Amino acid sequence: MQAAVPVGKSSALVFCDMAGTMRLFAQEGDLVASTVLREFVEHTGRLGREHHCLMIKFIFDSFLAAFDNINDVMPFVISIQNLLSTNPTFVGRVSGFHLSLHYGNVVFVETSYGSEVLGEAVNIVALLNEVARHLAQPYEIVVSQAALERMPGDFQARAGASESHQFKRVGNVEFRRVNLLGS
Amino acid sequence: MAASDAEPTPEIVTEAIVVVDLVESTLTSNLFGWYAVGRHSLRDLRSLVGEVGRIRGLRCMRSTGDGYLLTFYDPQSAEMAAIRAVEAVFELLRRIFVRNREVSEERALNLRCAVHLGEVDVVPNDREGPHISMAFRLEEISRASLPAALNPIPPEQFPLQNYVLCSEEVAGILSRRATHWELASIGLLKLKGFPGWREVFLVLPEAGDAKLAPALVNTMK
């Protein structure tokens, strides 16, 4: 079988990490935690398709999603955030999501285990998620300057002050925290 | 009073931590017998580790059942301990390749190795602390880990045996102080019990090693 040719393109990348999963496993047990994770995968996967996500890669309690059009990203992120209050499995169990967004060049490849997205931009969005874990409020998403410049004006208006972080092997990355609740 | 309160506070040192694991040792012992093959393999490994480690600052050697936890110490420089540890691991692999050519197939040794550097508690004949756990997490990485990594190499490119993985900390030291070893990122991984993403590296032998042990280089490139 001939492997698909890797495709390089600029994309918006969203990284979402469920907060408090280890505590969930410890306090509620693996059956409940597994149910929560299954719901997480089902609903975020569905929302990804509804918002024209190019690919979504699930990694335990987190996912990486890629979008062609950055305008699709914030409606997707807000719909994910809404799951916390509307999905009965999540209510009272999931304390929040750590969210980050970056825009950059990536390569889409088909691998032996499915679709994969590669590139330094992937590292950046994952590292920004660490920033989100430590700095952001539950209603905020950490957005790189590269992504912010391409976002619709109404979301740009919600951005906080410019901040930056020095990452090993990546260098300095400028970002802002954007309020998902509006002004 | 907790039982641990009565014990003296352990010495804390920064050491290079190496986990060496025999590939398929349980399977080999079950197939060919512990007394016929398994115990000899482990004894040979222990002897070879002692030979390569003694002159490179090996301070602790503890059996893990199918391998060893080793730590290396350098009183002058913690970073040099990491370099000595990587040197020792490659020398161990070289000697194992030579040995494997001389013994029967079932007695061949094949290893998975991981190197990390960090502060550890020194307890008699052992080491404790999260950096020890980190070294074991690194050693557990396999082809099956890669689909859950970010920016992973294709799983088919990850060696099955006789390779050396290292943490970001060790990779940083090697890239600054020992450029004759090439480093190849295998991706960002989440390691059980540790927050955040960790970039993990494959340490490739220096080019000159191709003459000493072509199999080693071929396996790892």
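Among the contacts in chain B of this predicted model that link residues at least 6 apart in sequence, 67% bring together residues at least 24 apart. The secondary structure of chain B consists of 7 helices and 8 strands, and 42% of its 221 residues are buried. The radius of gyration of chain B is 17 Å, which agrees with the value near 17 Å for a compact globule of 221 residues. Along the principal axes, the C-alpha atoms of chain B occupy a box of roughly 55 × 45 × 35 Å.

In chain A, helix H2 spans residues 30-50 and comprises 21 residues, with a distance of 30 Å from its first C-alpha to its last, close to the 30 Å expected at 1.5 Å a residue. Within H2(A), the buried residues are A:Val36, A:Phe40, A:Thr44, A:Leu47 and A:Gly48. These residues lie on the same side of H2(A), because the arc that they cover around the axis is only 100 degrees. The elements covering the buried residues of H2(A) include, from chain A, the strands S1 (7-18), S2 (53-59) and S3 (62-67), together with the helices H1 (21-28) and H3 (73-86).

The other side of H2(A) carries the exposed residues A:Leu31, A:Ser34, A:Arg38, A:Glu42, A:Arg46, A:Arg49 and A:Glu50. Just after H2(A), the backbone at A:His52 adopts a positive phi of about 65 degrees.

Methods:
Residues numbered from 1 in each chain as written. Chains lettered and ligands numbered in written order. Predicted model: local features only at pLDDT ≥ 70, side-chain atom pairs only at ≥ 80, totals over all residues. Helix = DSSP H or I, 4+ residues; strand = E, 2+ residues; numbered from the N terminus. Rg over C-alpha atoms; globule rule 2.2 N^0.38 Å. Buried ≥ 20, exposed ≤ 12 C-beta atoms within 10 Å, placed from the backbone. Contact = placed C-beta atoms within 7 Å. Expected span 1.5 Å × (residues − 1). Arc of directions from axis to C-beta.
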